[in-house]
Amino acid sequence: GRGRPRRRSSLPAAMADLDAAEDAAKELLGIMEAFPRFKERAVDPLHPEGERGALVFRGPLKLVQTVSKLTCASKASTVGDRFKALLSRSKWVRQEELEQALDGADGLDGLDGRLAAYDPAREYVAVVVAALQRGPACWHQVGGGHPASIEDSGPWLYVLDHGTSRAGRRPGFSYTGSLRPYRVSPRRPVAEGILLPDYAADGDPRAEQAAPARSTPPVVSAAQAEKLRAVCRMGREIVDAAHRVIKPGVTTDEIDRVVHDKHMEFGAYPAPLNYHNFPKSVCTSVNEVVCHGIPDMRQLEDGDIVNIDVSPIFDGFHADLNETFCVGPGVTQKKKDLIKASHDSLMKAIDACKPGFFYRDVGGIITSHINGCGFAVDKTYCGHGVGEYFHCAPNIPHYAGNKAKFVMKVGHCFTIEPMINTGTWKDVHWADGWTAVTKDGKPSAQFEHQLLMHESGAEILTARLPTSPPLWWEEGAQPGAATPVL
């Protein structure tokens, strides 16, 4: 919480000034929090390493309001540029000199405790002082530093309303597990020359929604199949690149950066980026997240599991694949078993695919295997057709007894992507509108392959390569490629 002054005057004008000062001070303190490199770029250069004290910005009400307005309205994305007005009027005050510097300002309650408790190596104390007619008033907070891998950019904010809005404070929600949303970085730019989908600007995939493929599974031509193989090879290499950087201490935003940059290297557009306003280039689903986790500032911890879901667009065609990985050596056997069960249920379903096989029967194969492992199949989400469009017919539920339409035909291209939960199959959504988590807060795992149907069975377009990093049960052995069925 932030320190705030007591309201000692009942005069309307004085109260109005205090309210205005409080609004401006809180906006300034809030925007500091939204820039993860603020400590390193703004506070640390002002004082000797390890010295205790505070960054103090002081001025009359009009100045505080003006600096707050300029800083919050600025489009600058780096600390130095965004906080130029603030830093030119701020100074570092040593702890033992603060009492005299603040000159008995109202609102000092709690500041001594913050100064005594904060860790100068990874935190800072900021104080905003407004000179009012009733006397000086101050507001203060402890801010944190962040891993060096987090770039100097901002503001980092919390996502709300399916990506259509942002907030400076974590939204209230009855979280089902231990995971919480963290701040999300600004949207990464797409390199010039990369073909943009129709939703890149406004989030609305109009062409996909109007396509006949939404209701009838399209049949892929030989020429289109070659394009699908090319983009799916890109997707595989992108997932593998993300897998290689996963370890404790890495943020999911850093994974998004790796994935985004790999797309740019290939000249591909990351399909999740602004699709129905999703804010990032990859979905990173940690622990109890079933799917559609948004990359953010949270660092992965030893014992986590994380799913990476990648979907590049290249030359007019989509790839779609995902895998779940262990983070560090501390992953429990239960979580490992969950990951393996998800993978194996997918491979069993793929083995059954052939022309004339009912899409509705995929769910029975997956459910039979998963029930035998003691886990549950999430029923909310399904596999889908994919190719010229990110999502099209057919829909392929992963649970038994579903009513899915259509049978597999040569030339159909689709995904199977079972989401497997440790406990209940049911899920709920966070306030961001995207992140689906298990209703009981227990872990979930998922694997996804993109398939192309032939007379002899399903070709796994997104098959693992000899260079793919090993999954947990392959560690210690040479990784090998899955063999496509042609």
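Lys and Arg are counted as positive and Asp and Glu as negative, with His and the chain ends not counted; the place of a charge is NZ of Lys, CZ of Arg, CG of Asp or CD of Glu. On this basis, the mean positions of the 56 positive and 60 negative charges of the protein lie 3 Å apart. The model is predicted, and local features need pLDDT of at least 70, side-chain atom pairs count only at pLDDT 80 or more, and totals for chains, interfaces and linings use all residues. Residues are numbered from 1 along each chain as its sequence is written, and side-chain values use heavy atoms, with hydrogens and water left out.

The protein has 12 helices and 23 strands. Helices (H or I, at least four residues) and strands (E, at least two) are DSSP runs, numbered from the N terminus. The C-alpha trace spans about 85 × 45 × 40 Å along its principal axes. The accessible surface comes to about 20200 Å², and 52% of this belongs to carbon and sulfur atoms; areas are from the Shrake-Rupley method with a 1.4 Å probe, and for residues only the protein chains shown count as cover. Of the 486 residues, 55% are buried, where buried means under 20% relative accessible area, exposed over 50%, and partly exposed in between (1.4 Å probe, protein chains only). Among contacts (heavy atoms within 4.5 Å) with a separation of 6 or more, 73% involve residues 24 or more positions apart.

Strands β3 (residues 123-132) and β4 are antiparallel and joined by 10 bridges; two strands are taken to pair if DSSP finds at least two bridges between them. The two strands form a hairpin with two residues between them, and Ala131 stands opposite Pro136 in β4. Seven of the 10 residues of β4 (residues 135-144) are buried. In the loop between β4 and β5 (158-160) lies Pro155, and the peptide bond from Gly154 to Pro155 is cis, with omega near 0°.

Leaving aside neighbours within four places in sequence, Thr251 is in contact with Pro147, Ile150, Asp296, Met297, Arg298 and Gln299. The 15 residues of α10 reach 21 Å from the first C-alpha to the last, close to the 21 Å expected at 1.5 Å a residue; the expected span is 1.5 Å times one less than the number of residues. Because 11 of its 15 residues are buried, α10 is largely enclosed by the rest of the structure. The buried residues of α10 include Thr252, Ile255, Val258, Val259 and Met264, as well as Asp253, Glu254, Asp256 and Lys262. Their cover includes α9, β7 (269-270), β8 (283-286), β10 (305-310) and β11 (312-314). Gly267, which follows α10, has a positive phi near 75°.

Strand β10, part of that cover, has six of its six residues buried. Ile305, Asn307 and Asp309 point one way from β10, and Val306, Ile308 and Val310 point the other way. β10 pairs with β8 in the antiparallel sense over four bridges, with Ser285 opposite Asn307. Strand β13 (residues 321-326) also pairs with β10 in the antiparallel sense, over six bridges, and Val310 stands opposite Leu321 in β13.

A further cis peptide bond joins Ala393 and Pro394, with omega about 5°. With a relative accessible area of 5%, Ala393 is buried. Not counting residues up to four places away in sequence, Ala393 touches Ala213, Arg214, Ser215, Thr216, Pro217, Pro218, Gly385 and Phe406. Ala393 and His412 are 19 residues apart in sequence, and their C-alpha atoms are 9.6 Å apart in space.

Positive phi values also occur at residues other than glycine. Asp103 has a phi of about 50° and lies in the loop between α6 (98-102) and α7 (111-117). The relative accessible area of Asp103 is 54%, so this residue counts as exposed. His292 has a phi of about 65° and is found in the loop between β9 (289-291) and β10. At 23% relative accessibility, His292 is partly exposed.
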